Amino acid sequence: MDLSSWFEFTMYDAVFLAVVLGFFFYWLTRKEQPLPTPPKEVAPLQMTDMTLEELRKYDGVKNEHILFGLNGTIYDVTRGKGFYGPGKAYGTLAGHDATRALGTMDQTAVSDQWDDHTGLSAEEQETANEWETQFKFKYLTVGRLVQNDSDKADYGSRKSFIRGAESLDSIIHGDSESKKDN
Ligand code: HEM
């Protein structure tokens, strides 16, 4: 038996070996990808009602908390800053009453003036309600968007929280064990 024929090296063998060695070298020297850093959670705000003027401060620029109003309730949407942060797709909603924008699916439909939501069709109001159904399970409820300081409720020392199916009225009027701190 002619063993020398076993070790004959053709051009194709050389290319194949080079590719295998290349991959092996790459595998040995590859750098581990850094893990993405989890979003920084900001401490929940104290529950409070706000006027539009107060809400405007929470636009993600003047304050690290991003808030918006929806159907009269203020949500802390800071954890969604990829959506609502400065320059992001829905950043116009930050610090505003987002009801009309979300109801009409037009992120420019926000106003610096008080919006009593008149002119929204039943379908648009329903769309706004559907957003709210999601948000009350996703974002912290801070309080209510009120027109005057005198309309504000007292939440004691309660922190904003994921309200889920709980109604804000039941918290304000204290008919549940909802007054306790979170
Ligand atoms: C071409 C049109 C649009 C496309 C393709 C689109 C697509 C998306 C996608 C992929 C998400 C992320 C969903 C997720 O990760 O949970 C999103 C989120 C969102 N979209 Fe749109 N969108 C569009 C238009 C609009 C308009 C006009 C509005 C009205 C303001 C809107 C409001 C929102 C809001 C508020 C969120 C964030 C929801 C949250 O905070 O969880 N979108 N959109």
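Predicted model: local features only at pLDDT ≥ 70, side-chain atom pairs only at ≥ 80, totals over all residues.
Start with the ligand. Around it stand Phe83, Tyr84, Tyr90, Leu102, Met105, Asp106, Gln107, Trp131, Phe135, Lys138 and Tyr139. Sort this shell by class. It has 8 nonpolar residues, 1 polar residue and 2 charged residues.

Now find the iron atom of the ligand. The protein gives this iron a single donor, the OH of Tyr90. The distance is 2.0 Å. Where does Tyr90 lie? Tyr90 is in the loop between H3 and helix H4, which spans 99-104. An N or O atom in the side chain of Tyr90 is 2.7 Å from a nitrogen atom of the ligand.

Two further side chains reach oxygen atoms of the ligand. For Tyr84, an N or O atom of the side chain is 2.4 Å from a ligand oxygen. For Lys138, a polar side-chain atom lies 2.6 Å from an oxygen atom of the ligand. Which elements give two or more residues to the shell? They are helix H3 (81-84) and helix H5 (122-138). H5 gives the most, with 3 residues.

The ligand sits in the largest pocket. This pocket has a volume of about 220 Å³. Its lining is made of 13 residues. Nearest the centre of this pocket are Tyr90, Leu93, Leu102, Met105 and Trp131.

The largest share, 3 residues, comes from H5. By class, the lining of the largest pocket has 10 nonpolar, 1 polar and 2 charged residues.

Finally, turn to the second largest pocket. Its volume is about 180 Å³. It is lined by 12 residues, and the closest to its centre are Glu41, Val42, Thr78, Arg79 and Leu140. How do the residues of this lining divide by class? There are 5 nonpolar, 1 polar and 6 charged residues in the lining of the second largest pocket.

Methods
Residues numbered from 1 in each chain as written. Heavy atoms only, no water. Near = heavy atom within 4 Å. Polar contact = N/O pair within 3.5 Å; in protein donor to acceptor, adjacent residues only side chain to side chain. 1 Å grid on protein atoms, 1.4 Å probe; cavity = no way out; pocket = protein on both sides within 12 Å on 5 of 7 lines; lining within 4 Å. Sits in = over half its atoms within 2 Å of the grid points. Helix = DSSP H or I, 4+ residues; strand = E, 2+ residues; numbered from the N terminus. Nonpolar A, V, L, I, M, F, W, Y, C, P; charged D, E, K, R; others polar. Donors = N, O, S within 2.8 Å, 3.2 Å for Na, K, Ca; no water. Points joined across faces, edges and corners; volume = space filled by probe spheres on them.
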